[in-house]
Amino acid sequence: MKKINLFIVGTQKGGTTALADFLAKHPNVYVVDGKEAHVFDNPELQNTSFECIDMAYQQLLSQYNGEEICCDATPIYMYFKEIPTRLFNYNPNARIIIILREPAERAFSHYQMEKRRGDEELGYYSALLSEKKRLAADADPYQLGSAHRVFSYRSRGHYFSQLVNIYSSFPKENVLILTNDQLRLHHQRTLEKVTHFLNIPNVEIPSAKIFSGDYQIKFKERVVTGILKSYFLFERIKLRIYYGVSM
């Protein structure tokens, strides 16, 4: 079968769904059924062969018709440290796309998602204070419903170490870093960058509204977000210096 050769690996709440939706409209790209395959973070597939990985993907290619690019857009692949190496071992020629969002804004969007799902009962400030303890209590971060999956508001925003980890497995020419502002504000230019990176023809794909969260930020949450932006200041400086990424 055709191996997955494009992974959109993060960040969660950064615009991965929007980019996957745009690419799914390209005639040379097939995005796996459901967009997020969750194959490499599946707790039942952690110590298995790549033949089993291919079988798992085969079930998500129901309408594959020979497209040059097969894409799995699962944001948590960037967050779990072991996964980039497994992706490389599975397909060393795979391309990696990363979409970054200002980490404090990302954290609050993540929190709102968990509130809507009914998984988060704490207020935002309390949830951030409880995060380290919650994550430390995880017996297995890969298990469904683990704290690392649900409550990792702040820790997912430490992009620098995640990028270092990805580049330790993949050569720089196989990795493309975008920001959600690029995707939102410079739609066609950003998609041209993506198609050039994938070495496929550029096509006109209509823009669409993204990041349209239906939540309203309260005053206290706005203050906490401001504090969190200060907390991530050094993170953003490192990203700008080492990777040329500004948020």
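At 30% relative accessibility, Lys2 counts as partly exposed, a class that lies between buried (under 20% relative accessible area) and exposed (over 50%), computed with a 1.4 Å probe on protein chains only. The model is a predicted one, in which local features need pLDDT of at least 70 and side-chain atom pairs count only at pLDDT 80 or more, whereas totals for chains, interfaces and linings use all residues. Residues are numbered from 1 along each chain as its sequence is written, and side-chain values use heavy atoms, with hydrogens and water left out.

Lys2 belongs to the segment before strand E1; helices (H or I, at least four residues) and strands (E, at least two) are DSSP runs numbered from the N terminus. Setting aside residues up to four places away in sequence, Lys2 is in contact (heavy atoms within 4.5 Å) with Leu61, Tyr64, Glu67, Glu68 and Cys70. The C-alpha atoms of Lys2 and Glu67 are 9.1 Å apart, although 65 residues separate the two along the chain. A polar atom of the Lys2 side chain also lies 3.1 Å from the backbone oxygen of Glu68. Such a polar contact is a pair of N or O atoms within 3.5 Å; within protein, one must be able to donate a hydrogen and the other to accept it, and residues adjacent in sequence count only if both atoms are side-chain atoms.

The sheet comes next. It is open and built from 5 strands in the order E2-E3-E1-E4-E5, with parallel pairing; two strands pair if DSSP finds at least two bridges between them. E2 and E5 (175-179) are the edge strands, each pairing on one side only. From one strand to the next, the twist averages 25 degrees. E1 pairs with E3 (residues 69-73) over 3 bridges, and Leu6 has Cys71 as its bridge partner in E3. E1 also pairs with E4, over 4 bridges, where the partner of Phe7 is Ile96. E4 and E5 are joined by 5 bridges, and Ile97 stands opposite Leu176 in E5. Because 5 of its 6 residues are buried, E4 is largely enclosed by the rest of the structure. Helix H10 lies across E1, E3, E4 (95-100) and E5, and runs at about 170 degrees to E5; axes here are lines fitted to C-alpha atoms, for helices over the stretch in contact, and angles run from 0 to 180 degrees between N-to-C directions.

In soluble globular proteins, nonpolar side chains tend to be buried together. Here the largest nonpolar core holds 52 residues, of which Phe7, Val39, Phe40, Tyr57, Tyr77 and Ile98 touch the most other members. A core of this kind is a set of buried Ala, Val, Leu, Ile, Met, Phe, Trp, Tyr and Cys residues joined through side-chain atoms within 4.5 Å. Beyond its neighbours within four places in sequence, Ile98 has contacts that include Val9, Met78, Leu163 and Ile177. A second, separate core has 23 residues, among them Ala20, Phe22, Leu191 and Phe197.

Helix H5 (residues 103-117) has 15 residues and reaches 21 Å from its first C-alpha to its last, close to the 21 Å expected at 1.5 Å a residue; the expected span is 1.5 Å times one less than the number of residues. With 11 of those 15 residues buried, H5 is largely enclosed by the rest of the structure. Its buried residues pack against helices H6 (124-136), H7 (147-150), H8 (159-167), H11 (219-231) and H12 (233-243). At the start of H5, a side-chain oxygen of Glu102 comes to within 3.0 Å of the backbone nitrogen of Ala104. Gly118, with a positive phi near 85 degrees, follows H5.

Most residues other than glycine have a negative phi, and most peptide bonds are trans. Against that background, a few local features are worth a look. The peptide bond from Gly10 to Thr11 is cis, with omega near 5 degrees, and Thr11 sits in the loop between E1 (6-10) and helix H1 (16-24). Thr16, in H1, is buried at a relative accessible area of 3%, and its contacts beyond four places in sequence include Ile8, Lys35 and Pro75. Lys35 has a positive phi near 75 degrees and is placed in the loop between E2 (29-31) and helix H2 (50-58). Asn199, in the loop between H10 (187-198) and H11, likewise has a positive phi, near 60 degrees. Lys35 is buried at 10% relative accessible area, whereas Asn199 is exposed at 62%.
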